[in-house]
Amino acid sequence: MLFRTLQMTFDDDLVIELDQVVQESHTNRSAFTREALRMAIALYHQRKLVEKHRAGYLRHPVTPNEFSVWDD
């Protein structure tokens, strides 16, 4: 796996909290931040998919009897 170095800025309170969490979880800032970004990106894609579904149902609303086959 290829790693690249990125320079980022954080406020002091966030760095203090980050350092506490990485110490408790026996990891480091980079590993923790990579995982946090992966989770944030996954959440972003999930929210986009939910919005896509919502927009689809707004364009094509459920009809009154559409799911009645499962009601029996």
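Me: How many helices and strands are there in the chain?
Reply: Quick note: this is a predicted model, where local features need pLDDT of at least 70, side-chain atom pairs count only at pLDDT 80 or more, and totals for chains, interfaces and linings use all residues. Residues are numbered from 1 along each chain as its sequence is written, and side-chain values use heavy atoms, with hydrogens and water left out. Elements are DSSP runs numbered from the N terminus (helices: H or I, at least four residues; strands: E, at least two). On that basis the chain has two helices and zero strands.

Me: What percentage of the residues count as buried?
Reply: Buried means under 20% relative accessible area, exposed over 50%, and partly exposed in between (1.4 Å probe, protein chains only). Of the 72 residues in the chain, the buried share is 4%.

Me: Where is His26, is His26 buried or exposed, and what is its phi?
Reply: His26 sits in the loop between α1 (12-24) and α2 (29-59). It counts as exposed because its relative accessibility is 74%. Most residues other than glycine have a negative phi. For His26, though, phi is positive, near 55 degrees.

Me: How far apart are the C-alpha atoms of Thr5 and Ser30?
Reply: Thr5 lies in the segment before α1 and, at 79% relative accessibility, counts as exposed. Thr5 and Ser30 are 25 residues apart along the chain, and their C-alpha atoms are separated by 9.7 Å.

Me: Which residues make the nonpolar surface patch?
Reply: Patch members have over 30% relative accessible area and no salt bridge, with like charges joined within 9 Å and nonpolar side chains (Val, Leu, Ile, Met, Phe, Trp, Tyr) within 5 Å. A salt bridge here is a side-chain nitrogen of Lys or Arg within 4 Å of a carboxyl oxygen of Asp or Glu. Areas come from the Shrake-Rupley method with a 1.4 Å probe, and for residues only the protein chains shown count as cover. The patch covers about 570 Å² and is made by Tyr57, Val62, Phe67, Val69 and Trp70.
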